[in-house]
Amino acid sequence: MLSRILKAVVFVPLDLVAGSLLLVFNAFLYLHVSMSGKAEKPSAILRISAAGSVQETLRKFGSLDNLLTHDGKSSEGIFDRNIMVWCFCRSGSLKLDLGEWTIIDRAIRYFLFSGVMLLLKDILLEARKCEIRLIRAYDPYWAGILGFLFARLFRCPWVISVHADFQKREALQPGSIPRVFGSRLPADAVERFLVRRVHRLLPIRASLVPHFVSAGCPEENIRVIPHGMDMDVLTALPATDVRSEFGLPGDCRLVSSIGRLELENYSEDIVKIALGISARRRDVHVLICGEGRQLEAMKQRVAESGYGDRIVFTGYIAHDLALDVRKRSDANLALMGGFSLIEACASGRPVVAYDVEWHSELVRTGETGLLAREGDVEAVVGVLEQWLEDDAEASRLGTAARALALEKHELRKVERIRAAVYSELLAE
């Protein structure tokens, strides 16, 4: 508490002084942008995210291709340029010019006011070169606030895309929703304020719609846009001998889990399942891939169990290798997932997911895998054992899971949906 008070005493005055100077500079810059007019300027979409960074994207996917192709193709023929802003970055500030894309990482930490003013300066400098015609915020909290303000500044429509069930994530891991002085009430109020005013709300799944309707968003302003992924990549034959890569016996049966090792992803249950199937079958090895705040606690529990030789923690692995792990596994655990659940289903192997959020859209018990009751570790272990005894049934489920993932999340199909929403907004 004392350190926070000292920081406030030192940082707040400095923040106010620096932010005020930047505000004056931005006012002149805005006048220049306004007076320059819109003629002959290329059009642009401004994207604002309060989570992630260039560094985190490179670490997760190995390149920026996922960003540039996942949504970039949807704006072809609609926008000439894409401006992607990640604020509140932990890894520092940077700017990348990649042809039609400009990517800005802005580290807004202790100096909130001056940090936002620096971010505005970055955007205004880009606005001198293009006309910002649409703003997309990636959450209904910090990014949404900035989207709301910038939409008024540039006099253009704006949207909020929602990529997770924040209420569920908060229940599993408190702090998933922003807090002010320990309370989430301000965030809830901000969410209600924003969703009632946004031009379009774009959740990634239908299961999120009721929450936002109850928060006051008119249902006619909601458009569901699912995740889209390049199925050619996800379904390609694996290039890596995964068992050899991690020093596992060539004839072992393999169960894998890939993702952030956090409470919101049921990290505790992943360990329980790994221990359960290891106790029942000596030929099973479990790969737990990823990093997170629960990693050390998970490792310790496995070490104490005596199964440490068959439950392997790989740490972070490159995206291409992660895809091969899924394809080479006899079964995939995706207890909580977004992109990761789609990847698991597209691998062609049977999938276990909990019956939460949107999982029932892809995982159907007896059809594509097991949709287990939340926390029912015993049921998961039992079904994994059945699949390991019946290769034909496991293959049938995996083939059906891949077909369903392709039907619902093929990238080009999703691009058309998103492009239609953009065109609809710009025509109003």
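Reader: How many of the residues of α14 are buried?

Author: In this predicted model, residues are numbered from 1 along each chain as its sequence is written, local features need pLDDT of at least 70, side-chain atom pairs count only at pLDDT 80 or more, and totals for chains, interfaces and linings use all residues. Side-chain values use heavy atoms, with hydrogens and water left out. Buried means under 20% relative accessible area, exposed means over 50%, and partly exposed lies in between, with a 1.4 Å probe and protein chains only. Helices (H or I, at least four residues) and strands (E, at least two) are DSSP runs numbered from the N terminus. In α14, 8 of the 8 residues are buried, so this helix is largely enclosed by the rest of the structure. The buried residues are Phe339, Ser340, Leu341, Ile342, Glu343, Ala344, Cys345 and Ala346. Glycine 348 follows α14 and has a positive phi, near 85°.

Reader: At what angle do α14 and α16 pack?

Author: Two packed helices are described by the angle between their axes and the distance between the axes. Axes are lines fitted to C-alpha atoms, for helices over the stretch in contact, and angles run from 0 to 180 degrees between N-to-C directions. Helix α14 (residues 339-346) and helix α16 (residues 391-409) pack at about 130°, with axes 7 Å apart. Angles under 35 degrees count as roughly parallel, over 145 as roughly antiparallel, 65 to 115 as roughly perpendicular and the rest as oblique. The helices α14 and α16 are therefore oblique to each other.

Reader: Which residues of α14 and α16 meet?

Author: Contact means heavy atoms within 4.5 Å. On the α14 side, Ile342, Cys345 and Ala346 meet Gly398, Ala401, Arg402, Ala405 and His409 of α16. By class, the residues of this contact divide into 5 nonpolar, 2 polar and 1 charged. Here Ala, Val, Leu, Ile, Met, Phe, Trp, Tyr, Cys and Pro count as nonpolar, Asp, Glu, Lys and Arg as charged, and the others, Gly among them, as polar.

Reader: How do the axes of α5 and α7 cross?

Author: The axes of helix α5 (residues 142-154) and helix α7 (residues 185-195) come within 10 Å and cross at roughly 40°. The helices α5 and α7 are therefore oblique to each other. Their crossing is left-handed; a crossing is left-handed if the near helix is turned anticlockwise from the far one by less than a right angle, and right-handed if clockwise. Gly144, Ile145 and Phe148 in α5 meet Val190, Phe193 and Leu194 in α7. This contact has 5 nonpolar, 1 polar and no charged residues.

Reader: What does cysteine 289 touch?

Author: Cysteine 289 lies in strand β9 (residues 284-289) and counts as buried, at 1% relative accessibility. Leaving aside neighbours within four places in sequence, cysteine 289 is in contact with Ser257, Ile258, Gly259, Thr314, Gly315 and Ile317. Glycine 259 is 30 residues away from cysteine 289 in sequence and 6.4 Å away in space, C-alpha to C-alpha. Threonine 314 belongs to strand β10 (residues 311-315) and is buried, with a relative accessible area of 19%. Not counting residues up to four places away in sequence, threonine 314 touches Phe246, Leu287, Ile288, Cys289 and Gly290.

Reader: Where does tyrosine 266 lie?

Author: Tyrosine 266 is in the loop between β8 (253-258) and α11 (267-280). Its phi is near 60°, a positive value in a residue other than glycine. At 6% relative accessibility, tyrosine 266 counts as buried. Glutamate 357, in the loop between β12 (351-354) and β13 (369-372), has a positive phi of about 45° although it is not a glycine. Glutamate 357 is buried, with a relative accessible area of 16%.

Reader: How many helices and strands does the protein chain have?

Author: The secondary structure of the chain comes to 17 helices and 13 strands. Of its 428 residues, 53% count as buried.
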